[in-house]
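I opened this notebook to record what I looked up, one topic per entry, starting from the sequence and the structure shown here.

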Number of protein chains: 2
Amino acid sequence: MAMGRPREFDADAALDQAMEVFWRNGYEGATIAQLTEAMGINPPSLYAAFGNKEGLLKAALDRYTAKRAAWMEQVLSAPTARDVAERMLMGTADSQTDPDNPPGCLLVQGGLACGTGSENVPFELAARRALTESQLRERFVRAKKEGDLKPAADAAALARYLSAVSAGMGVMASSGADREALRQVANVSVKVFEEQSAK
Amino acid sequence: MAMGRPREFDADAALDQAMEVFWRNGYEGATIAQLTEAMGINPPSLYAAFGNKEGLLKAALDRYTAKRAAWMEQVLSAPTARDVAERMLMGTADSQTDPDNPPGCLLVQGGLACGTGSENVPFELAARRALTESQLRERFVRAKKEGDLKPAADAAALARYLSAVSAGMGVMASSGADREALRQVANVSVKVFEEQSAK
DNA sequence: CCACATCTGTAGCGAACACTACAATTATGG
DNA sequence: CCATAATTGTAGTGTTCGCTACAGATGTGG
């Protein structure tokens, strides 16, 4: 049977553009007109490919996290919990002030509170942040087993702490904090892990 | 000369209601219809009293920060930098999970990224966050002079750090983190100040 | 008691929003 | 080469948005 006319745009390239619009304006601040213009397509193409605005956001979030997965692997492969924290926070400071991207983190800027009809957008972002946190928690559980975190250390609390600090850095970055300011925060934050290391 | 018909609603009580709507839905997510209903007034009364939606937000932010001023005094009056940090973060954990308020912090939830026409809303929130940070910085400068922070301590970096952590806690709280989780983060964060204390 | 100034409620303004009907287009399968 | 299936651009749809014109109401100053 017939297969239909093939789409003329690259879905991944279009998603990259949509991601940036959501990143810079937030979910509710991003309009379909802005999105379609950035993506270089017309509304019907958008709706055919992604369903609706929220579907487009989810696809953009998937792409966002997929792009960060390799970096996250690099972070988790650091030899000690302290080094994991340092790579995580320093990398966060750099990426959140990377001039190639909008400032901050899409998972924070995207929308912490939304109006009627978009109530589950904040939930969607939170779920993706939680994923990173659980990766960190598992890594710190391992660090305890391996003995580079002291036995009394609370892996879950440390993971939550890192998650909170990086979210906080995202808030700062979104309001114009520069790379140096974020690195200061990262440097201070890492000190906790030195105190939690096995002697 | 004549003085005109007096307004029939209490502006402060109405602002409290508006504050809660902005807090829960964000600036863009809050509609005039929701605001007027919560405030118990009609649109013309709102516009006569506050100018426009952004003016209402600013008035609500003023009231928000005014309400926190007394608490902030209490925080800054703690005897040592470490105690300042503890009071600040523990108080933040409690207030951000206070069932009488929406979760999180209005200065974070209100809107980190907004669409065309509301670009200075994020800036407005950031300016108020910066105020708290500078109060903390001055307090830590004093702590160095008084000798309870070691001479090598960086007051500005520590203030930024506290600001980042509390913003991060706000992000967590807005996505449903409970009081215990936030207190864990607070407890871990405070450890930095023990290491920065004079021996 | 009257002129005036301000507030209040009703009703609705133009603009922007997310989304879509429709016809033309472009490929595949037989 | 034809029937089918999917995409594309144009041009809208109805709804909701922030905001306001207007007329009646309610107070103050003279």
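This is a predicted model: local features need pLDDT of at least 70, side-chain atom pairs count only at pLDDT 80 or more; totals for chains, interfaces and linings use all residues.

I then looked up its lining, which consists of 15 residues, and noted that the closest to the pocket centre are Met19(B), Trp23(B), Tyr64(B), Lys67(B) and Asn101(B). Sorting the lining by type, I found 5 nonpolar, 3 polar and 7 charged residues. I also asked which helices of chain B each supply at least two residues of this lining; they are helix H1 (11-29), helix H4 (53-76) and helix H5 (81-96), and H1(B) gives the most, with 5 residues.

**Entry on the annotated span.** I looked up the make-up of residues 31-50 of chain A and found 80% helix and 0% strand, with the end C-alpha atoms 15 Å apart.

**Entry on Ala153(A).** I located Ala153(A) in the loop between helix H7 (120-146) and helix H8 (155-174) of chain A. Is Ala153(A) buried or exposed? I count Ala153(A) as buried because its relative accessibility is 3%, and the cut-off for buried is under 20%. Setting aside its neighbours within four places in sequence, I listed the contacts of Ala153(A) as Lys144(A), Leu158(A) and Gln196(A). Finally, I checked Ala153(A) against Glu133(A), which lies 20 residues away in sequence and 16 Å away in space, C-alpha to C-alpha.

Conventions
Residues are numbered from 1 along each chain as its sequence is written. Chains are lettered from A and ligands numbered from 1 in the order in which they are written. Side-chain values use heavy atoms; hydrogens and water are left out. On a 1 Å grid over the protein atoms alone, a cavity is a set of points where a 1.4 Å probe fits but cannot get out, and a pocket is an open set with protein on both sides within 12 Å along at least five of seven lines; lining residues have an atom within 4 Å of a point. Helices (H or I, at least four residues) and strands (E, at least two) are DSSP runs, numbered from the N terminus. Ala, Val, Leu, Ile, Met, Phe, Trp, Tyr, Cys and Pro count as nonpolar, Asp, Glu, Lys and Arg as charged, and the others, Gly among them, as polar. Buried means under 20% relative accessible area, exposed over 50%, partly exposed in between (1.4 Å probe, protein chains only). Contact means heavy atoms within 4.5 Å.
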